[in-house]
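User: Please take a close look at one part of this model. Tell me what sits there and what touches what.

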Amino acid sequence: MYSHFLKRILDFLIVFCVLAIIWPILLLLIIWLYFANKGAGVFFMQQRPGKKGKIFKVIKFKTMTDECDVNGDLLPDEKRLTNVGKFLRSTSMDELPQLINVLKGDMALIGPRPLLPQYLPLYDKEQARRHEVRPGITGWAQVNGRNAISWTKKFELDVWYVDHCSFLLDLKIILLTIKKVFVREGISSDTSVTMEAFNGNN
C-alpha cells in the first residue's frame, strides 16, 4: 500500500512544503548561475526514462558552461565545470529543480536515479526491474556509494530497493542522504567529474 499509494501522496505534500520554504534560496542560485555559466543557461533538461520506461524531461541546475575548443567541440567536463557548479554538485543542490519533477509525478523523492534512455536496451532482465518504480532524487545506490561504485553494484542496489521499498527504508535513505551531503562522499568517480557511461559490461 505504501509504495503504490501513500508514497506518492507524501512526496507531493513534502515537496510542496519544501518549495514554499526554500524558494528564496532557489532564486539566489538562479541569479548566481546566470552569471557563472557565461550565457549557457541556468537549467539543464534531458530526457530520462521513468516508471515503466516512460520518457520524461529531468530538470537540474546547469553546472557547466558550453565552452568549446578551436574545432567547435565541447571542452572536457572538468574544464567547463564552474566553481558554483562544483559547490552545487558537492552539496547535491544541483538536484533541487527535480522537486518540480516530483510534483509533476515524473519522479519520487526516493528511488533509483533516472539514467539515459540509450541505456534501456543494455539492461539485462534483472537490471531493467529498476523501472518498476518511479525514479528518485536520491536512492539506495546514492547513499551506498553514488558515482564511486560500479554500474553493476549500482543496479544491484536499485533492484534491492524495488523489492524492499517501505516508509522506514525511505526515511533511512533520507537521513543517510543528509549525512552524505555534509561529508560530501561519492560525488565523483575516480576517473571523471561525472560517472562513466554505461556500456552494458561495466
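Analyst: Start with F198, which is buried, at 4% relative accessible area (buried is under 20%, exposed over 50%, partly exposed in between; 1.4 Å probe, protein chains only). The model is predicted, so local features need pLDDT of at least 70 and side-chain atom pairs pLDDT 80 or more, while totals for chains, interfaces and linings use all residues. Residues are numbered from 1 along each chain as its sequence is written, and side-chain values use heavy atoms, without hydrogens and water.

F155 is buried too, at 2% relative accessibility. Both residues belong to a cluster: ring pairs link Y119, Y123, W151, F155 and F198 (rings of Phe, Tyr and Trp, the latter by its six-membered ring, pair with centres within 6.5 Å; planes under 30 degrees apart are stacked, over 60 edge-to-face, the rest tilted). Now look at the face of W151. K154 lies over that face, at 5.3 Å from the ring centre (NZ of Lys or CZ of Arg within 6 Å of the centre and within 35 degrees of the ring normal).

How many aromatic pairs does a search of the whole structure find? The count is 13. One of them joins W140 and W160. This pair is stacked, with 5.1 Å between the centres and 20 degrees between the planes. W140 sits in the loop between β4 (136–138) and α5, while W160 is in helix α5 (helices are DSSP runs of H or I, at least four residues; strands are runs of E, at least two; both numbered from the N terminus). The two are 20 residues apart, and their pair links distant parts of the chain. W140 is buried, with 12% relative accessible area. W160 is partly exposed, at 34%.

Now go back to F155 and F198. Their ring centres are 5.0 Å apart and their planes meet at 85 degrees, so this pair is edge-to-face. F155 lies in helix α5 and F198 in the segment after α6, so the pair ties together parts 43 residues apart in sequence.

What does α5 do with α6? The axes of α5 (residues 151–164) and α6 (residues 167–183) come within 9 Å. They cross at roughly 140 degrees (axes are fitted to C-alpha atoms, over the stretch in contact; angles run from 0 to 180 degrees between N-to-C directions). The two helices are therefore oblique to each other (under 35 degrees is roughly parallel, over 145 roughly antiparallel, 65 to 115 roughly perpendicular, the rest oblique).

Which residues meet? From α5 come W160, Y161 and H164. From α6 come L169, D170 and I173 (contact is heavy atoms within 4.5 Å). The residues of this contact divide into four nonpolar, one polar and one charged (Ala, Val, Leu, Ile, Met, Phe, Trp, Tyr, Cys and Pro are nonpolar; Asp, Glu, Lys and Arg charged; the others, Gly among them, polar).

Finally, take D170. D170 sits in helix α6. Is D170 buried or exposed? D170 is buried, with a relative accessible area of 3%. Not counting residues up to four places away in sequence, D170 touches Y2, K7, I110 and Y161.
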